[in-house]
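This report is meant for someone meeting the structure for the first time.

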Amino acid sequence: MAESHFQKTLSGFLYDVASGDAVRHMADVGMTVPEIKEKLEFPTSAERISQMVWDHFVATGKILLEKPEPSKSFQKVSYVKETGPYGKVSFKQVSEEVPASGKTYLPCNFGKEIYKDKKAFLKKISVLSKRDQDYLLSLPWTLTTVWHEADERMSRIHRLLFPSSVTLHSGK
């Protein structure tokens, strides 16, 4: 049991070192999971990339797991490369408290919708572009409401899927 946990942790670390920065950067510039998978030189499964993107979005506050509150902040996690006196390279995790104020969020129940009736969900999102469909279908949405930053992509998705009821929640 402990050995499998160790192997899983080691595997996660190796993938993060090999492709983590590239995955996070490509996600930040708006690439979808299938686009990221195509660009990576290190062979990484779509499921692993999807989880890395999700974790990155949660860590940076692009996705909130709880309804945004005006005074709420989140922990931004990053990794700093350090080189020891004898050239040994290591990575140090650095966390900083970042206020969520100034951002606007949209509620997302895509995980519930996919779980409830995937066929109906696919029909519903057929009005979206292929890239927006890929974005929604490739993230591991939870079965609870999450709050996605109202960036250009998510605002467009909400406008097309819910034309009469776009609800913005501000972290201000």
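Leaving aside neighbours within four places in sequence, Leu136 is in contact (heavy atoms within 4.5 Å) with Phe110, Phe121, Ile125, Leu128, Trp141, Met154, Ile157 and Leu161. The model is a predicted one, in which local features need pLDDT of at least 70 and side-chain atom pairs count only at pLDDT 80 or more, while totals for chains, interfaces and linings use all residues. Residues are numbered from 1 along each chain as its sequence is written, and side-chain values use heavy atoms, with hydrogens and water left out.

Leu136 also belongs to the largest nonpolar core, which has 27 residues, and is listed with Ile36, Val53, Phe110, Trp141, Met154 and Ile157 as touching the most other members. Such a core is a set of buried Ala, Val, Leu, Ile, Met, Phe, Trp, Tyr and Cys residues joined through side-chain atoms within 4.5 Å; buried means under 20% relative accessible area, exposed over 50%, and partly exposed in between, with a 1.4 Å probe and protein chains only. The elements that give two or more residues to this core are α1 (2-28), α2 (33-39), α3 (46-60), β4 (104-108), α6 (130-138) and α7 (152-161), and α3 gives the most, with five residues. Helices (H or I, at least four residues) and strands (E, at least two) are DSSP runs, numbered from the N terminus.

Within α6, the buried residues are Asp132, Gln133, Asp134, Tyr135, Leu136 and Ser138, and what covers them includes α2, α3, α4 (110-116), α5 (118-124), β5 (146-149) and α7. Asp134, with a relative accessible area of 17%, is buried, and apart from residues up to four places away in sequence, Asp134 touches Thr32 and Pro34.

Ser126, by contrast, sits in the loop between α5 and α6 and counts as partly exposed at 47% relative accessibility. Ser126 and Leu161 are 35 residues apart in sequence, and their C-alpha atoms are 9.6 Å apart in space.

The structure holds eight salt bridges, each defined as a side-chain nitrogen of Lys or Arg within 4 Å of a carboxyl oxygen of Asp or Glu. Three of them are set out below.

| Pair | N to O distance |
|---|---|
| Arg24 and Asp21 | 3.0 Å |
| Arg131 and Glu35 | 2.8 Å |
| Asp151 and Lys62 | 2.7 Å |

Arg24 and Asp21 both lie in helix α1, three residues apart, which is about one turn of the helix; Arg24 is buried at 18% relative accessibility, whereas Asp21 is exposed at 59%.

The side chains of Arg131 and Glu35 also meet in a salt bridge. Arg131 lies in helix α6 and Glu35 in helix α2, so this pair ties together parts that are 96 residues apart in sequence. Arg131 is partly exposed at 39% relative accessibility, and Glu35 is partly exposed at 23%.

A further salt bridge joins the side chains of Asp151 and Lys62. Because Asp151 lies in the loop between β5 and α7 and Lys62 in the loop between α3 and β1 (63-64), the pair ties together parts that are 89 residues apart in sequence. Both Asp151 and Lys62 are buried.
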